[in-house]
Amino acid sequence: MAVQVELLKSITYFSGLPLNELGRIKDLIFEKAADKGELVLFEGKPAEVLYFIVSGVVKVFKTSADGKEQTLYFMRPDESFNDVSVLVGGQNMANAGALVPVVLYGIRKDDLEAVIRDYPQVARNVILALSQKVERLVSLVENLSFRHVPGRVAKILLEYAGDMDGRKPRLTHQEMAAIAGTAREMIGRALKVIEEEGAVRLERQRIVITDKEALQEMAGVAT
């Protein structure tokens, strides 16, 4: 499928650009599809491509030497990943894998540098995109540093609840553990604690939020 200008308009990097400029940039963009579970980026490999998500969900994560995984964030349509690695050069700073089948737009490092040089609006948009990523990483550090495990799980439930359009993934206990920075077994225990507080009801295939305010209080989120 050919790269579509209308889809580029919804991406932060290209927001506010006139159609004639988007048309020229489109020629530098390529499309890539990935199946569920397929790795799109490998940590430590040369950073050559910046990706934008057209459809699906991509998990960005780090893996320790002993195989422990820490999920940094889930990227959804219109979002980008591998920004810093490509912009500063060097190696990919994290892995990225398709949580569900995905369609991506990609732009190679040299082409991105040319676009930033030739289109000042893109340079301003890059600053905004990177600022949003810094906010997310600060939130992650805060979550891991200052919340106990039930609080981390409560925050995850708030973030991923109420998904009706497929933009947010349905998380397994293992995936929740990778976000929360804990063991899979701890997720089950934390969910039991949250259920005992009356904030959720655990059913066989899903978690039902029964008291959102109580869940927000456990997560330390302002109401």
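In this predicted model, glutamine 70 touches Phe61, Lys62, Leu140, Leu144, Ala178, Ile179 and Gly181, leaving aside residues up to four places away in sequence. Glutamine 70 is located in strand β5, which spans residues 69-75. With a relative accessible area of 19%, glutamine 70 is buried, because the limit for that class is under 20%. One of the residues touched, alanine 178, also takes part in a polar contact: its backbone oxygen lies 2.9 Å from a polar atom of the glutamine 70 side chain.

Strand β5 belongs to an open sheet of 4 strands, arranged in the order β2-β7-β4-β5 with antiparallel pairing. The edges of this sheet are formed by β2 (39-41) and β5, each of which pairs on one side only. From one strand to the next, the twist averages 30°. Strand β2 runs antiparallel to strand β7 (residues 95-98), and 2 bridges join them. Within this pairing, leucine 41 has alanine 96 in β7 as its bridge partner.

Another open sheet of 4 strands has the order β1-β8-β3-β6, and its pairing is likewise antiparallel. Strands β1 (30-34) and β6 (80-81) stand at the edges with a single partner strand each, so one side of each lacks a neighbour in the sheet. Strands of a sheet pair through backbone hydrogen bonds, in either a parallel or an antiparallel manner. Strand β3 (residues 49-55) and strand β8 (residues 102-108) are paired in the antiparallel sense over 6 bridges. Leucine 50 stands opposite isoleucine 107 of β8. Helix α4 (residues 109-118) lies across β3 and β8, and runs at about 70° to β8.

Aromatic contacts were also examined. A pair of aromatic rings is described by the distance between the centres and the angle between the planes. The count comes to 5 aromatic pairs. Among them, tyrosine 13 and phenylalanine 52 form an edge-to-face pair, with 5.3 Å from centre to centre and 70° between the planes. This pair links distant parts of the chain, 39 residues apart: tyrosine 13 is in the loop between α1 (5-9) and α2 (19-26), whereas phenylalanine 52 is in strand β3. Tyrosine 13 and phenylalanine 52 are both buried. Ring pairs join Tyr13, Phe14 and Phe52 into a cluster.

Backbone angles were considered last. Most residues other than glycine have a negative phi. Aspartate 78 is not a glycine, yet has a positive phi of about 85°. Its place is in the loop between β5 and β6.

Technical notes. Residues numbered from 1 in each chain as written. Predicted model: local features only at pLDDT ≥ 70, side-chain atom pairs only at ≥ 80, totals over all residues. Heavy atoms only, no water. Buried < 20%, exposed > 50% of the residue type's maximum accessible area, 1.4 Å probe, protein only. Polar contact = N/O pair within 3.5 Å; in protein donor to acceptor, adjacent residues only side chain to side chain. Contact = heavy atoms within 4.5 Å. Pairing = 2+ DSSP bridges. Axes fitted to C-alpha atoms, helices over the stretch in contact; angles between N-to-C directions. Phe/Tyr/Trp six-rings, centres within 6.5 Å; stacked < 30°, edge-to-face > 60°.
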